[in-house]
Amino acid sequence: MYKFTPILKTLVWGTESWVLSGVPGDESVVAEGPEAGKKITEIYPGQFPLLIKFIDTKQDLSVQVHPDDKLAMARYGLNGKTEMWYVIDAAPGASLMSGLKEQITPDDYVRLVEEDRITDVLARHAVAPGDVFFLPAGRIHAIGGGCFLAEIQQTSDLTYRIYDYGRLGLDGKPRQLHTQEAKDAIDYRVYPEYRTQYEMRRDAAVELVRCPYFTTELFELTREMEIPGRAGDDKGFLILIGVSGQVRLRTAQDETVLSPGEAVLVPAADGALSALPLPGDGGDGSVRFLTTHL
């Protein structure tokens, strides 16, 4: 099992902690154990397919959209970017935007950006801990200030910034917008629901998202149990992402503790994986974590 040194990024709106990354130039490094110091590229064959972040927002993020695989490959020879959010904490009144709330055309979009009115047509959602949003490539979105969330996404850093409230970057200059590039990337359809609905169950796997790029499940454990979900080939793995409380992870070969704000990579070759909640400083004795795999 592997833990990695977080890659911390300070941005104009807050901070990101990349806890597992195969993005070129930002490859994660093993933090402990006999392989400490090795990059993810040295322990996983090929490019690692997922990027795991914790995002802490003090201000609203820019309004963005990501290209899909077809467009990203045609333009840059790279993967597109489909992602999901799991809200861990939220300040009173915190919200985010995901998707369109009314039908617009590509030309409407350009006009609304030029008139500083693009947010008028976006669906805004009040958020609370436990909320989940799936963001397929092409969906316009923006996280609001006061949110702390886990993000699971394809390994890609391709982002088209549509609108940024006239804000200056950390260098004091206006931040670049990608109005025309985004025009062909946007999914202009309106959907009836953008928040993912699920029913919480203790001591069981609760599926949140299943898509071609990852499957993510939520666990709330009060007892030890075996954690499923890994393919058996040399690229099979399970990532566990700490949400609340500590949990001891054991395989036949290894043992570690997952804490909030951490991620642990468990190769399929490690065999059966058990998770045991550890006593905390209070509460109901349960722990929460996410798992994700291909």
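Author: What follows takes up the pockets and then a sheet of this predicted model.

Reader: How much space lies in the largest pocket, and which residues are closest to its centre?

Author: The general idea is that rolling a probe the size of a water molecule over the atoms shows where empty space is left. Here the largest pocket holds about 440 Å³ of space, and among the 25 residues that line it, Glu16, Lys53, Gln64, Asp157 and Thr159 are the closest to its centre.

Reader: Which strand gives the most to the lining of the largest pocket, and how do the residues of that lining divide?

Author: At least two lining residues come from each of β2 (7-11), β3 (14-20), β6 (50-57), β8 (83-90) and β12 (141-143), and β12 gives the most, with three residues. By residue class, the lining of the largest pocket divides into 10 charged, eight nonpolar and seven polar residues.

Reader: What can be said of the second largest pocket?

Author: The second largest pocket has about 210 Å³ of space, and of its 13 lining residues the closest to the centre are Met1, Glu32, Gly33, Pro34 and Asp254. Strands β1 (2-3) and β20 (255-258) each supply at least two residues of this lining, which divides into six charged, five nonpolar and two polar residues.

Reader: In what order do the six strands of the open sheet run?

Author: The order is β2-β3-β6-β13-β8-β11, with antiparallel pairing, and β2 and β11 (132-135) are the edge strands, each pairing on one side only. Within this sheet, β8 and β13 (residues 147-154) pair over seven bridges, and Ala90 stands opposite Cys147 in β13.

Technical notes
Residues numbered from 1 in each chain as written. Predicted model: local features only at pLDDT ≥ 70, side-chain atom pairs only at ≥ 80, totals over all residues. Heavy atoms only, no water. 1 Å grid on protein atoms, 1.4 Å probe; cavity = no way out; pocket = protein on both sides within 12 Å on 5 of 7 lines; lining within 4 Å. Points joined across faces, edges and corners; volume = space filled by probe spheres on them. Helix = DSSP H or I, 4+ residues; strand = E, 2+ residues; numbered from the N terminus. Nonpolar A, V, L, I, M, F, W, Y, C, P; charged D, E, K, R; others polar. Pairing = 2+ DSSP bridges.
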